[in-house]
Amino acid sequence: TIPVQREPQSVAFAPDSRHAYIVNDGSNTVSVIDTTTNQVTANVSTGQDPTHVFVSADGRHAYVTNIGSSDVTVLKTAN
């Protein structure tokens with residue numbers, strides 16, 4: 001078990017599988033997990049009511065859909 005923030009909704013993995021991105025609807029964040037250590041390395045703010053996350057094929061960006069704010073948050077995965 002890896003504790004993340006409130007109301008996790010979906011997960012996406014980086015192409016190299018070294019990181020997982022968890023959408024937390026209840027806290028309007030994405031938790032970044034280092035899959036080699038199973039530790040949360042960051043919690044990044046998103047728009048209101050995030051629901052899904054997708055990682056680009058090159059792994060450089062993660063895209064989060066936000067139902068409450070009707071927009072998409074773009075995360076640079078290197079940061």
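Reply: Happy to. In this predicted model, six of the six residues of strand 3 (residues 29-34) are buried, so strand 3 is largely enclosed by the rest of the structure.

Me: Which way do the residues of strand 3 point?

Reply: Thr29, Ser31 and Ile33 point one way, while Val30, Val32 and Asp34 point the other way, and all are buried. In a regular strand, side chains alternate between the two faces of the sheet.

Me: OK, and how does strand 2 pair with strand 3?

Reply: Strand 2 (residues 19-24) pairs with strand 3 in the antiparallel sense, over six bridges. Opposite histidine 19 you'll find aspartate 34 of strand 3.

Me: What sits between strand 2 and strand 3?

Reply: Four residues; the two strands form a hairpin. Asparagine 28 is in that turn and has a positive phi of about 55°.

Me: And what about strand 3 with strand 4?

Reply: Strand 4 (residues 39-45) and strand 3 are paired in the antiparallel sense over six bridges. Aspartate 34 has glutamine 39 as its bridge partner in strand 4. These two strands also make a hairpin with four residues between them, and asparagine 38 in the turn has a positive phi of about 55°.

Me: Switching topic: where is serine 56?

Reply: Serine 56 lies in the loop between strand 5 (50-55) and strand 6 (61-66).

Me: Buried or exposed, that serine 56?

Reply: Serine 56 has a relative accessible area of 15%, and the cut-off for buried is under 20%, so serine 56 counts as buried.

Me: What does the side chain of serine 56 reach?

Reply: The backbone nitrogen of arginine 60, at 3.3 Å. If you leave aside neighbours within four places in sequence, serine 56 is in contact with Pro15, His61 and Tyr63.

Me: Zooming out, how many helices and strands does the protein have?

Reply: Zero helices and seven strands, giving the pattern β-β-β-β-β-β-β along the sequence.

Me: How does the radius of gyration look for 79 residues?

Reply: A compact globule with 79 residues would have a radius of gyration near 12 Å, and the protein has 11 Å, which agrees. The C-alpha trace spans about 35 × 30 × 20 Å along its principal axes.

Technical notes: Residues numbered from 1 in each chain as written. Predicted model: local features only at pLDDT ≥ 70, side-chain atom pairs only at ≥ 80, totals over all residues. Heavy atoms only, no water. Buried < 20%, exposed > 50% of the residue type's maximum accessible area, 1.4 Å probe, protein only. Pairing = 2+ DSSP bridges. Polar contact = N/O pair within 3.5 Å; in protein donor to acceptor, adjacent residues only side chain to side chain. Contact = heavy atoms within 4.5 Å. Rg over C-alpha atoms; globule rule 2.2 N^0.38 Å.
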